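Hi everyone, thanks for making time. Let me put the model up, and then we can walk through its sheet and one of its helices together.

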Amino acid sequence: MATLLDPLEVRGVIFKNRIVMPPMATELATENGEVTGQLIKHYVERCDKVGLIIVEHSYVSIEGKYSPRQLGIYDDKLIDGLSRLAREIKKRGVIAAIQINHAGGKSSSKFTGVKPIAPSSVIVPGGVEEPSEMTLGDIERVQEAFEKAAKRAVKAGFDAIEIHGAHGFLLNQFLSPITNKRLDAYGGTLEKRMKFPLEVVERVREAIGDKLLLYRLGADDMMLGGLTIKESRIFAAKLESLGVDI
């Protein structure tokens, strides 16, 4: 039987062990989302025991920013700093992943300067203001932002990209009937609520080539009328069919 300390191979990538540091926001970036020396130091200090580090959630567009000093991946000008971070992790024998995210209705105009957007115009649990319901143009634009962010992660040298579909952020908001009240092709039945996140996955998978693709799934809202494990089992199978590795 394998143990936590045994190597693991996924899509040709070999992890030296099965211990993972999950993405945890540090607020150590600049106010523009740039990598700092303090951020790099934080991750280097944690390379000693783990086989995989997933760098904290990084916003794919300004409107999707969640907090004042959140790490960003929304512009090519950030690639150099992200490259330094990935390089310092990898040179210590650790697989480097980065999580890409859009906060959707959990964003705040206080930090972004624009009104938040979400599947529907309802304040999301943990949100602070009512968002605008996304138009079809918004949906296309945000999917493109995820795709471009994934390409930046590849250019920066990360081994893997994780799409954030948990914690009540945008992709989770589309999947959950609590926050998705749409009446079009992107809301209503589970099949329709899955449509947006699955389209994001397809675009990211295409963008990153043979790099590892991870998806963090918020599988149960644990709220009346919310997403259930039963639905998430169906969604997880769809993710796997589209090339999600972990």
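Some terms before we start: helices (H or I, at least four residues) and strands (E, at least two) are DSSP runs, numbered from the N terminus, and two strands pair if DSSP finds at least two bridges between them. What you see is a predicted model, where local features need pLDDT of at least 70, side-chain atom pairs count only at pLDDT 80 or more, and totals for chains, interfaces and linings use all residues. Residues are numbered from 1 along each chain as its sequence is written, and side-chain values use heavy atoms, with hydrogens and water left out.

Now, the sheet. It is open, with five strands in the order S3-S4-S5-S8-S9 and parallel pairing. Strand S3 (20-21) and strand S9 (212-217) each have a single partner strand, so one side of each lacks a neighbour in the sheet. Further in, S5 (residues 95-101) and S8 (residues 160-165) run parallel, joined by four bridges. Ala97 has Ala160 in S8 as its bridge partner.

Next, helix H1, residues 37-44. Which of its residues are buried, meaning under 20% relative accessible area with a 1.4 Å probe, protein chains only? They include Leu39, Ile40, His42 and Tyr43. Down the axis of H1, the buried residues fall within an arc of 155° (taken from the directions from the helix axis to the C-beta atoms), so they line one face. On the other side, Gly37, Gln38 and Lys41 are exposed, that is, over 50%. The cover over the buried residues includes S3, S4 and H2.

Methods
Contact = heavy atoms within 4.5 Å.
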